[in-house]
Amino acid sequence: MSRTPTRSPQGSQQAVQNGGEPVLSHGLKQRHLSMIALGGVIGAGLFVGSGVGIAAAGPAIVLLFMGTGALVMLIMRMLGEMSAARPSTGSFSVHAEEEIGSWAGTTSGWMYWLMLCAGVAAEATAAGTIMHTWVSFIPAYGWVAIFMVFFCASNLTAVKNFGEFEFWFSAIKVTMIVAFLVLGVLGILGVFGSAPGTSHLTGHGGFFPTGAAGLAAGLLTTISGFAGLETVTIAAAESDQPSRNVARAVRTAVWRIAVFYIGSMAVVVTLVPWNDPKVASAGPYVTVLDRLGIPAAGTIMQIVVLVALLSAMNANIYGSSRMAYSLVNRGQGPRFLGKVTRGVPAAAVLASCVFGFAAVIAGIVWPTTVFAWLLNIAGCSVLVVWSIVCLTQLKMRRRLEREAPELLSVRMWGFPYLTWLAFAAILGVFAVMAANADGRQQLAGTAVVVAALAGAGHLKQRRDDRRADVTA
């Protein structure tokens, strides 16, 4: 399949596809993108997984979330700048191929696809477990199958279905976060009993109770909690006005995400002891709501966590299918995945769902080998993607300033210094991972996959160059 040009201001894959083939629809609205941007990184990792980070780092988790939140805001701003200038279903993968080369587009695209599909498996498994506790006559794997079929079917029908589900899922999550912050501040002020003051921040071993080792362990947890923010830049290409919509979504979401995460963690470590076993086992939100005397706190949070899991499943199926579609239309995957039916990349949706369900089965049959290996690579994939985003934005910004400055409706702050700072921070996270045995194992597995993908992309690039020389 011939390569689709990627320098059209509206994104070539959405405007015209070679051979007159069907194109993706534009069924998403501004309200969809705004909620996708806000809710995309508010997942079960925040509601439950953050408890592991608190148990590892203590009250200093607030500083970790400030640091990782700042990094995430920079990454999102870079993505917003590039996507507003050149909207494309492949988002950063298309931009990386354009600016750096096929190897960068292949690596970032398929690593992201792998991460999202592994996420589908993990989220479906967790959601099935929750539902089994409520409706026990259906086994957990039965609920997994139900969820997989439902979201696969909804993503096969029309992109507006994905948008509507994400709008309401995200609205529930955002409402919960806002309510939690309000209740938490009232609790800190003593409305629900005695005010805790700073006793939980300075007691129980102090603000840094576990030292540098705890900070390192907590860092990896906080980073993984932000994975998924890129979906909004992928979805923007299927909206009615891609450039304007993604610019608005990024501007409104960046600071709110930081407030939600940092504010939540500050409330938690102020109201309850960081070493309370319930923080890690039941989750920090349940622990705080119990502390405040909110009735049925556990049930409320189970419902919210279930919504977060289903939201993540829906978004991951969507994001992975669009990334696969973009890759194969650039000659970086099996051609049959490029089939479009009624404006939806049906083959790519099915392939992503099949891979996700296969990963679920691997989690049942080989939980400590194949599935653990897959999750390890997926956890590191976001760092690989973000590092390529930084390098891509450095080149793309300079080219746009020369060739089409009018397309820079969103500009990266403090360019190029903050871009380089973000890249250095990502390298720092890799260094922290390399300092412990689990991190080294994760890095080793990821390095093998990255090398294979980069090698395949490089070979394609050389082949394309030879063809270009022949036809010149």
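**Figure 1. A253 in helix α12.** A253 is found in helix α12, which covers residues 242-271. The view comes from a predicted model. With a relative accessibility of 0%, A253 counts as buried, since buried means under 20% relative accessible area. Apart from neighbours within four places in sequence, the contacts of A253 are A37, L38 and M76. The C-alpha atom of A253 is separated by 34 Å from that of N436, and the two residues are 183 apart along the chain.

**Figure 2. Helix α5 and the residue G101.** Helix α5 runs over residues 91-99, and nine of its nine residues are buried, so the helix is largely enclosed by the rest of the structure. The buried residues of α5 are S91, F92, S93, V94, H95, A96, E97, E98 and E99. Just after α5 comes G101, with a positive phi of about 150°.

**Figure 3. The length and bend of helix α17.** Helix α17 consists of 34 residues. From the first C-alpha of α17 to the last, the helix reaches 47 Å, close to the 50 Å expected at 1.5 Å a residue. A bend of about 30° occurs in α17 at C380.

**Figure 4. The packing of helices α17 and α19.** Two packed helices are described by the angle between their axes and by the distance between those axes. Here α17 (residues 370-403) and α19 (residues 437-471) pack at an angle of about 75°, and their axes are 8 Å apart. The two helices α17 and α19 are therefore roughly perpendicular to each other, as angles from 65 to 115 degrees count as roughly perpendicular. On the α17 side, the contact is made by W373, N376, I377, G379, C380 and V384. On the α19 side, Q442, L443, G445, T446, V449 and V450 take part. Sorted by class, the contact of α17 with α19 holds seven nonpolar and five polar residues, and no charged residues. C380, one of the α17 residues in this contact, is also where α17 bends by about 30°.

**Figure 5. L453 in helix α19.** L453 has its place in helix α19. The relative accessible area of L453 is 17%, so L453 is buried. When neighbours within four places in sequence are left aside, L453 is in contact with T106, T107, W110 and M111. The C-alpha atoms of L453 and A266 are separated by 40 Å, the residues being 187 apart along the chain.

**Figure 6. A cis peptide bond between F415 and P416.** F415 and P416 are joined by a cis peptide bond, with omega about 0°. P416 lies in the loop between α17 and α18, and α18 covers 417-434.

**Figure 7. H204, with a positive phi in a loop.** H204 is not a glycine, yet its phi is positive, at about 55°. The loop that holds H204 runs between α9 (199-202) and α10 (211-225). H204 has a relative accessible area of 37% and is therefore partly exposed.

**Figure 8. A296, with a positive phi in a loop.** A296 takes a positive phi of about 55° although A296 is not a glycine. A296 lies in the loop between α14 (284-291) and α15 (297-328). With a relative accessible area of 51%, A296 is exposed, because exposed means over 50%.

Notes. Residues are numbered from 1 along each chain as its sequence is written. This is a predicted model: local features need pLDDT of at least 70, side-chain atom pairs count only at pLDDT 80 or more; totals for chains, interfaces and linings use all residues. Side-chain values use heavy atoms; hydrogens and water are left out. Axes are lines fitted to C-alpha atoms, for helices over the stretch in contact, and angles run from 0 to 180 degrees between N-to-C directions. Helices (H or I, at least four residues) and strands (E, at least two) are DSSP runs, numbered from the N terminus. Angles under 35 degrees count as roughly parallel, over 145 as roughly antiparallel, 65 to 115 as roughly perpendicular and the rest as oblique. Contact means heavy atoms within 4.5 Å. Ala, Val, Leu, Ile, Met, Phe, Trp, Tyr, Cys and Pro count as nonpolar, Asp, Glu, Lys and Arg as charged, and the others, Gly among them, as polar. Buried means under 20% relative accessible area, exposed over 50%, partly exposed in between (1.4 Å probe, protein chains only). The expected span of a helix is 1.5 Å times one less than its number of residues. The bend at a residue is the angle between axes fitted to the seven residues ending there and the seven starting there.
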